[in-house]
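Subject: Handover of a structure for your review

Dear colleague,

I am passing on a structure that I have been going through, and my notes on it follow below. Please read them with the coordinates open beside you.

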Amino acid sequence: GLPERVTVYEVGARDGLQAEAVPVPTAAKVRMIRELLAAGLPMVEATSFVSPRWIPQLADAPEVVAGLAEAGLDLARHPVLVPNDRGLDRALEAGAGALAVFVSATETFARRNLNMERWEAVEAAQKVTERGALEGRPVRGYVSMVFGDPWEGPVAPGQVAEVARALLDAGCYEVSLGDTIGVGTPGHVGAVVDAVVAAGVPRERLALHLHDTYGQALANVYAGLLAGVETFDASVGGIGGCPYAGSATGNLATEDLLWMLTGLGVETGVDLDAAMRAGLAVTTLLGRPSPSRVVQALRPN
Ligand code: HMG
Ligand code: MG
């Protein structure tokens, strides 16, 4: 059966904004995060301490974290992405309260996204995780390209499983399986989840991070629910995508996810209307309509 309750992990302020060319002011990012938290989202990823040359939009990461601290927020609910030791130093210096590391299931994307070999990236993430844990920070792990890679094609579930297991072994409290380019389909979801669980990652430590490029994200969430996953990543307004992933487009929209979960009777603790207002503020700032079908249906503009 379906779980009674799931966790929606909001990535709009990070994954949603990272590829945006329109500069978003720091104050608007802080406001977005505060509004999402106020809407009831339990985890709202804040920013990335990556190279500002690679991701100029998030060059203000220290100021975003400072803004959240000033607002009195619990920084443990606002993880920040960290790719390497330099990023960890910067994140700790800024006062970040939780971290997220990210690796690729494939060789090509590890090089394109992190300028590292696949296993070199895993070891860098393990190092960050171990050091972060020693500093008392919970660390989430991401695995990208779990259903397919634009350069390598289909990805063997075993390749995903060994990387996910390595992140867990290093101390990640959760591993989020990323369909970076949205090519997954529901039958595939169960197979990948089962392979990762068979490699020793407890089902309750898994999350799904689905991009909606091919319109499969909600169907894949449903498959994930049936496979026992209880945490789902989403981006308000459906914004986002990884600039180094070729065909990546928006994440699954938080609003669409909330609509489906509500209909299924699965609790999230999130107020759809409040989340939608936070999303509309962001898509208005970015100067385009929300791609979320729920937003289009409820707030035609
Ligand atoms: P590199 O160019 O190989 O870095 O990039 P390097 O180690 O050779 O260093 C070059 C310069 O960058 C040095 O400065 C470093 O200090 C600096 P210089 O001496 O030339 O003045 N540098 C840094 N500065 C600030 N913060 C840092 C940092 N590290 C080095 N952390 C690097 C390697 C990993 C830095 C780069 O490839 C990078 O930043 N990559 C991140 C790309 C990214 O953010 N991608 C999007 C996030 S992942 C994603 O979206 C997928 C996900 O959503 C899940 C899914 O959908 O699948 C999570
Ligand atoms: Mg992503």
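Glu 10 stands opposite Val 44, a residue of β2, and the two strands concerned, β1 and β2, pair in the parallel sense over two bridges. Strand β1, which covers residues 7–10, is also joined to strand β9 (residues 231–234) by four bridges, and these two strands run parallel as well; here Tyr 9 stands opposite Asp 233 in β9. Please keep in mind throughout that this is a predicted model, for which the chain averages a pLDDT of 96, with 98% of the residues scoring at least 70, while the complex as a whole is given an ipTM of 0.98 and a pTM of 0.97 by the predictor.

These pairings belong to an open sheet of nine strands with parallel pairing, whose order is β2-β1-β9-β8-β7-β6-β5-β4-β3. Its edge strands are β2 (43–44) and β3 (47–48), each of which pairs on one side only.

Turning to the ligand, which residues are the closest to ligand 1? Of the 25 residues that surround ligand 1, the closest are Val 50, Gly 87, Ser 144, Gly 178 and Thr 180. The elements that contribute two or more residues to this shell are α4 (85–94), α5 (107–114) and β6 (139–144), and among them α4 gives the most, with three residues.

The last point concerns a pair of helices. Helix α6 (residues 118–134) packs with helix α7 (residues 157–170) at an angle of about 25°, and their axes lie 8 Å apart. Because angles under 35 degrees count as roughly parallel, α6 is roughly parallel to α7, and the crossing of the two helices is right-handed.

With best regards

Notes:
Residues are numbered from 1 along each chain as its sequence is written. Chains are lettered from A and ligands numbered from 1 in the order in which they are written. This is a predicted model: local features need pLDDT of at least 70, side-chain atom pairs count only at pLDDT 80 or more; totals for chains, interfaces and linings use all residues. A residue is near a molecule or strand if its C-beta atom, placed from the backbone, lies within 6 Å of it. Two strands pair if DSSP finds at least two bridges between them. pLDDT is the predictor's confidence in each residue, from 0 to 100. Axes are lines fitted to C-alpha atoms, for helices over the stretch in contact, and angles run from 0 to 180 degrees between N-to-C directions. Angles under 35 degrees count as roughly parallel, over 145 as roughly antiparallel, 65 to 115 as roughly perpendicular and the rest as oblique. A crossing is left-handed if the near helix is turned anticlockwise from the far one by less than a right angle, and right-handed if clockwise.
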